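Me: I'm new to this one. Can you put it up so we can go through it piece by piece?
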Amino acid sequence: MRDLGKDIALTARDAGLVACTRCQRVWPMAEDRCDRCGARLASRDTGSLSRVWAWWCVGVMAYIPANLWPMLVTRTLMSESEDTIVGGVIELMHHDAVGIAIVILVASVGIPVAKFIAIAYLALSVRRVTLLSAHRRQQLYEIVEYIGRWSMIDVFVVAILSALVQLNVVASVNPGPASLAFALSVIFTMLSAQAFDPRMIWDRIEESARSEGGEARPA
Amino acid sequence: MLPDPAELIACPTCDALYRARQPAAGERAVCERCHTVLIAPRARAGMSIIMLSLATLILVAGAINFPFLRISRAGFGNDASILDTALAFTEGPLQLLSLAVLALIVLIPATRALLTLYVLTPVVMDRSPWRGAAQAFRLSEALRPWSMAEIFSIGCAVALVKVADLANLTFGPAFWMFCVLTVVVVVQDQWMDRWSVWASLDREAAT
């Protein structure tokens, strides 16, 4: 683990200080509320992992009905059809709208599933030795934080279609119950990612350095 | 011996501690190990951000009031405003979703613009901050991931392609206003430097 040397930093915690994650102001460890912005201070958020897992579980649970229930109910002159997320994608493929089908497939299936896996991996990797370096896990966390919101796109598409396509008997589109389940799943997963304290990714670098008997550290 | 904590800055991502100082023009301060951007000031950003916030409010008001989209086919037509779109979920528990969508695409972007005006106007005019400016700025930052105007506009694009071969589409002024709104919101987020705002709130409060 010699190559970790350059990544050892003097952290606020090691200096006996606590940083406000909202406004980045630094306070003595004894303070429990940031005097500048009023946010609660915690050197390491001890409840972080429990909250990550709690939101993660409800997020996964909401994602199941989101895929089983219909997302859109379409009525035309002859027929009435109920489409699930995947069903809608297949429908689009049949209509030769492959580009849009891929956008929907990535936003509503690919990203949510990848996000569940990524958050679970990050939370598990806090406590054990991992293949990915802290830098890679940090990048993974940033991607999850950035991309999570974009899953909401499918809910907005359903909203626009339902408001717009109301042509009496010719055609009408109405939202199905999966839209609520899907929106909840996206929101819960965003809360799960926000509950994760990324400082935990970096802590083990200092801890392993300390157990190796104190290498030279930059100040 | 450590200096006064007020002169330090800790990386919010990896907790590395640095001595904070104003970067030279055009430079940014980046955390050495996790590469999180800590300080990225822009010249005259305050005034620009205020203008963009005002633009946001005007565009939101306009986008709500003007027609958004219209489709027609076989003698039947239908208009949808932004509000109709947000409130499209009308059945039972789906109404909750209407509230959420309304908040995500209209209320939260507008609230963030108002909070930003409240925080930055006195700073730019070299006055002492208005009461509760720090809390207002913290709230505005906390709301940032929940402001989804730009995602809604990509959703528009997807929905329009889906409808295009089903019926004739007409774009109302609100559609174009929302497109501009998306750009304004994104640019404003790029220009906002949290450290500079906090530093100026501190400085103005001290005088």
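Me: Which elements supply at least two residues each to the lining of the second largest pocket?
Reply: This is a predicted model. In chain A they are β3 (72-76), β4 (80-83), α2 (85-94) and β6 (171-175), and in chain B α5 (149-164).

Me: Which of those gives the largest share?
Reply: That is β3(A), with four residues of the lining.

Me: How many residues line the second largest pocket, and which lie nearest its centre?
Reply: The lining has 23 residues. Nearest the centre are A:Thr74, A:Glu91, A:His95, B:Lys162 and B:Leu166.

Me: What classes are in the lining of that pocket?
Reply: Ten of the lining residues are nonpolar, seven are polar and six are charged.

Me: And how much space lies in the second largest pocket?
Reply: About 590 Å³.

Me: Switching to rings. How many aromatic pairs does the structure hold?
Reply: Over all chains there are 15 aromatic pairs. One of them is A:Tyr63 with A:Phe182, whose ring centres are 6.4 Å apart.

Me: Why is the pair of A:Tyr63 and A:Phe182 called tilted?
Reply: Because the planes of the two rings are at 45°, and an angle under 30 degrees would count as stacked, over 60 as edge-to-face.

Me: Where in the chain do A:Tyr63 and A:Phe182 sit?
Reply: A:Tyr63 is in helix α1 (residues 48-68) of chain A and A:Phe182 in helix α6 (residues 178-195) of chain A. They are 119 residues apart, so the pair links distant parts of the chain.

Me: Are those two buried or exposed?
Reply: Both A:Tyr63 and A:Phe182 are buried.

Me: Which residues do ring pairs link into a cluster?
Reply: From chain A there is A:Phe156. From chain B there are B:Phe68, B:Phe152, B:Phe171, B:Phe175, B:Trp176 and B:Phe178.

Me: What lies over the face of A:Trp27?
Reply: A:Arg25 does, at 4.0 Å from the ring centre.

Me: What does UniProt list as "transmembrane region" in chain A?
Reply: The unreviewed UniProt entry lists residues 53-72, 97-126, 147-165 and 177-196 of chain A. In the model, residues 97-126 of chain A are 93% helix and 0% strand, with the end C-alpha atoms 42 Å apart. Residues 177-196 of chain A are 90% helix and 0% strand, and their end C-alpha atoms lie 30 Å apart.

Me: And which residues of chain B are listed?
Reply: For chain B, UniProt lists residues 49-69, 96-121 and 167-187, again from an unreviewed entry. Residues 49-69 of chain B are 81% helix and 5% strand. For residues 167-187 of chain B the values are 71% helix and 19% strand.

Me: Where is A:Gly47?
Reply: A:Gly47 is in the loop between β2 (26-28) and α1 of chain A. With 27% relative accessibility, A:Gly47 counts as partly exposed. A:Gly47 and A:Ala195 are 148 residues apart in sequence but 8.8 Å apart in space, C-alpha to C-alpha.

Me: Last topic, backbone angles. What is phi of B:Asp15?
Reply: Phi of B:Asp15 is near 75°, a positive value in a residue other than glycine. Most residues other than glycine have a negative phi. B:His35 also has a positive phi, of about 65°, although B:His35 is not a glycine.

How values were computed. Residues numbered from 1 in each chain as written. Chains lettered and ligands numbered in written order. Predicted model: local features only at pLDDT ≥ 70, side-chain atom pairs only at ≥ 80, totals over all residues. Heavy atoms only, no water. 1 Å grid on protein atoms, 1.4 Å probe; cavity = no way out; pocket = protein on both sides within 12 Å on 5 of 7 lines; lining within 4 Å. Points joined across faces, edges and corners; volume = space filled by probe spheres on them. Nonpolar A, V, L, I, M, F, W, Y, C, P; charged D, E, K, R; others polar. Phe/Tyr/Trp six-rings, centres within 6.5 Å; stacked < 30°, edge-to-face > 60°. Buried < 20%, exposed > 50% of the residue type's maximum accessible area, 1.4 Å probe, protein only. Lys NZ or Arg CZ within 6 Å of the ring centre and 35° of its normal. UniProt positions renumbered as here; feature names shortened; annotations may be inferred.
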